[in-house]
Amino acid sequence: MKLIILILALVSSILISSCSTDKIELSNSDKAVSEKIDSILALMTLEEKVGQMLNLGLPALLTGPFYSYRDTLVFDSAKVQQLLVEYGAGSVQNLGSFPMTPKQWNQVIEFVQTTSKAKTRLGIPVLYGIDAVHGANYTAGSVMFPHQINLAASFNTKAAEQVGAITAYELRASHIPWNYAPVLDVARHPMWGRIFESFGEDAYVASQLGAAYIRGQQGSDPSANDKVLACAKHFIGYGASYNGKDRSPILMSENYIRQVLLPPFQEAIENGLLSVMISSGALNGVPSHIDHFLITGLLKGELGFKGVVITDWGDVDGLHAVHKVAANEREAVKLSVLAGIDICMEPYDASFATHLIELVKSGEVPMSRIDDAVRRVLYLKFKAGLFNNPSLYEVEYPNFASKETDSLNHQMACQSITLLKNEASVLPLNKKSRILVTGVSSNSINYLNGGWSRTWSGQDTSYNDKGKLTILQAVQQKIGSNQVCYAPGTGYVDGDFINEAVAKARPCDVIVACVGEKPATEKPSDIDELDLPEIQQELVLRLAETGKPVILVMVQGRPRIIRYIEPKVKGIVMAYLPGNEGGRAIADVLFGDVNPSGKLPYTYPRNSGSLWAYDHQLSDERDVNFGLAGFTPQYQFGFGLSYTTFEYSALKLSSDSISMTDTLKIQFEIKNSGTRNGTEVALLFVSDEVASISPAVKQLKRFERIDLNPQESKSIDFFLTASDLAFVNQQNQRITEPGYFTISLADQKARFKLY
Ligand code: BGC
């Protein structure tokens with residue numbers, strides 16, 4: 001009889017004994033799991049253990065060339081036998097190349113599970129992982145939310161939690177228990193193509209929204225049939241390469257890493273994060289995949305991370321092929337495993353396992369390292385509930401793609417849209433106006449969704465969901481097709497149909513020019529210029545020459561430079577990548593059915609040579625006259641207008657001096673001084689006046705969305721303690737120094753002393 005039975009028997013019995021010190025330290029409730037893990041580990045051969053460390057791409061198990069499937073998948077029995085059975089791959093990831101229905105996912109994962117259970121000696125369940133980065137985007141028909149950057153623009157922690165929870169539900173409906181999300185990279189370079197996948201440039205926003213997303217996704221028990229395991233990525237610095245390109249070197253002091261990049265990961269771990277993906281970049285010359293200090297010292301040691309560390313896609317091979325820190329693949333495997341990698345995402349084959357088995361046999365990698373990694377992997381599988389019920393096949397998911405989630409999706413898109421300009425209250429538009437809708441993003445669902453939408457690049461139109469509206473369609477639906485003209489205008493970087501657009505603009509009252517970025521992620525999202533592509537700028541300039549008011553709608557992850565066209569347009573709406581309901585949300589904002597409330601989650605640069613984040617040092621502001629007027633972005637971090645007005649007043653501190661153990665209460669009044677309902681995001685910044693390391697000019701410490709009826713006032717309280725005022729000193733320790741601090745909330749300021 002198979003050992004599966006033995007394992008299941010071990011799993012269902014609770015054994016009690018003490019834990020040895022080299023094991024993952026588990027909470028009391030996890031100690032029984034630890035015992036079970038020990039029992040399984042004791043049964044495993046070296047080959048079986050190494051198999052658990054191997055994460056295969058699904059296409060490696062299929063017939064034909066990689067990514068050649070359009071609507072069916074065919075498993076290749078020889079590949080399945082070799083990789084899943086003989087090598088005993090412990091996890092599988094990704095999609096075949098087209099989005100499958102929950103039923104198809106069920107069949108695929110059931111096949112993988114039953115094969116592994118029936119044909120491997122121990123029948124350990126396989127962990128399936130996917131990138132569900134804005135909803136369960138690789139499951140046909142799932143809700144596709146706005147991307148993370150939109151969640152950041154809404155400054156809505158609760159929304160981030162709900163997105164995490166609904167994504168988890170729809171992933172479980174697809175029988176997938178492990179999500180490679182959220183992205184916790186703090187996006188420090190505006191050129192980075194994956195900004196849309198991040199929570200923007202601020203560490204505090206990324207920490208708060210990231211932790212909320214993880215709570216929503218994992219809940220208190222990720223094995224529940226509506227929860228999944230989160231995987232935060234990419235540790236660390238991936239969003240801060242020196243040149244803004246994907247997977248490029250990061251040159252950064254340890255001090256800066258701890259101050260700016262680490263907090264979101266730390267917060268996530270404190271909120272129960274169970275897996276971390278490593279960055280493909282090299283940090284100060286050392287590829288993170290071999291950085292023992294980073295993985296074993298900082299992440300697993302100092303931050304006490306108990307979960308699994310997985311590589312990014314093919315990155316062990318990259319140590320030899322691209323980074324040139326390993327003479328061959330074998331050495332690459334050795335260096336990465338010794339650094340602390342637990343699972344290798346090896347999309348194509350099992351060479352990682354072959355090398356690792358040899359390395360252990362030759363004594364170059366100690367068995368204790370393998371045991372540590374496998375313990376972590378089995379722990380993750382227990383946490384996902386795989387040993388109880390590998391796929392939860394019998395559970396029904398009636399709320400998959402429900403009307404309620406669509407409406408929530410719409411609300412989230414609405415809350416993120418950021419109004420950047422509204423000259424002479426040109427917006428909201430009159431529904432009786434005759435409108436020209438034009439531009440590359442005006443009639444495309446793909447532009448609204450961006451990368452990771454049904455396919456990796458998000459460009460294939462054949463998988464778009466029926467019934468979702470482009471901006472054009474949403475405007476037509478709102479005001480009637482007979483009042484709307486359409487002209488494509490331009491392509492992304494070429495395709496000049498500008499004359500037609502200008503001709504069609506003449507009989508119209510208003511022009512809605514929808515510009516933006518072609519869907520892409522990773523390397524294909526690299527750009528050489530931050531400026532909005534020339535042809536798109538040309539369209540806007542030519543349209544403006546007609547004398548008709550132009551409203552610029554930007555559908556893009558990055559802040560593409562618009563310095564030349566900005567003065568020519570009357571209104572600017574930043575939509576980021578608002579997802580499947582984005583068209584409707586944009587139309588709602590344009591015509592005033594929704595009052596915009598989003599705020600920029602990054603600094604919007606004016607010039608491509610001046611790319612500072614808002615929390616730069618004062619010396620960054622020096623200008624050519626040696627004054628301090630050198631920071632002139634197009635729009636500041638946190639900027640965003642509304643169709644109503646808000647007044648802040650009566651900022652009051654509970655004391656003008658606090659000790660290291662006191663709590664400071666910050667109270668202020670906020671009033672909707674306009675004539676329509678609105679939501680204001682209050683942002684509380686603190687400036688450390690003098691510190692032993694040149695301090696940031698200001699740092700965000702608290703935020704809150706506040707709904708206000710016309711003429712309504714509310715009194716709001718925020719609280720800070722000394723730990724909110726801490727920073728990383730020259731010795732890389734987090735400390736708090738006494739001194740003066742300034743609080744700023746919109747135009748209100750107050751000062752206090754910490755002693
Ligand atoms: C990306 C990761 C992703 C992984 C699996 C990589 O190329 O950088 O973010 O999770 O592929 O699809």
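**Entry 1: charges over rings**

I began with R563, which lies over the face of Y564, 4.6 Å from the ring centre. I keep in mind that this is a predicted model. I then found K233 over the face of W452, at 5.5 Å from the ring centre.

**Entry 2: aromatic pairs**

I count 23 aromatic pairs. One of them joins Y138 and W452, which are tilted, with 6.4 Å centre to centre and 50° between the planes.

I next took Y169 and Y397. Y169 belongs to helix α7 (residues 157-173) and Y397 to the loop between α15 (367-383) and α16 (403-416); the pair links distant parts of the chain, 228 residues apart. Both Y169 and Y397 are buried.

I also noted a cluster in which ring pairs link F155, Y204, Y614, F637, F685 and F703.

**Entry 3: the largest pocket**

I turned to the pockets. The largest pocket holds about 1100 Å³ of space. It is lined by 47 residues, and those closest to its centre are A203, Q259, V260, D615 and Q699. I sorted the lining by class and got 24 nonpolar, twelve polar and eleven charged residues. Elements that each supply at least two lining residues include α8 (203-218), α9 (254-261), α10 (263-270), β20 (678-688) and β21 (699-708).

Where does the largest pocket lie? Domain 1 (2-383) and domain 3 (644-754) both give residues to its lining, so I place the largest pocket between them.

**Entry 4: the second largest pocket**

For the second largest pocket I have a volume of about 610 Å³. Of its 30 lining residues, K599, G638, F639, E680 and A746 are the closest to the centre. By class I list 13 nonpolar, 13 polar and four charged residues.

Which element gives the most to this lining? I find β20, with six residues. β11 (418-422), β17 (646-653) and β25 (739-745) also supply at least two residues each. I note that β20 supplies at least two residues to the lining of the largest pocket as well as its six here.

Note on methods: Residues are numbered from 1 along each chain as its sequence is written. This is a predicted model: local features need pLDDT of at least 70, side-chain atom pairs count only at pLDDT 80 or more; totals for chains, interfaces and linings use all residues. Side-chain values use heavy atoms; hydrogens and water are left out. On a 1 Å grid over the protein atoms alone, a cavity is a set of points where a 1.4 Å probe fits but cannot get out, and a pocket is an open set with protein on both sides within 12 Å along at least five of seven lines; lining residues have an atom within 4 Å of a point. Grid points are joined across faces, edges and corners, and a volume is the space filled by probe spheres set on the points. Helices (H or I, at least four residues) and strands (E, at least two) are DSSP runs, numbered from the N terminus. Ala, Val, Leu, Ile, Met, Phe, Trp, Tyr, Cys and Pro count as nonpolar, Asp, Glu, Lys and Arg as charged, and the others, Gly among them, as polar. Domain bounds come from an automatic or database domain assignment. Rings of Phe, Tyr and Trp (its six-membered ring) pair if their centres lie within 6.5 Å; planes under 30 degrees apart count as stacked, over 60 as edge-to-face and the rest as tilted. Buried means under 20% relative accessible area, exposed over 50%, partly exposed in between (1.4 Å probe, protein chains only). A charge sits over a ring if NZ of Lys or CZ of Arg is within 6 Å of the ring centre and within 35 degrees of the ring normal.
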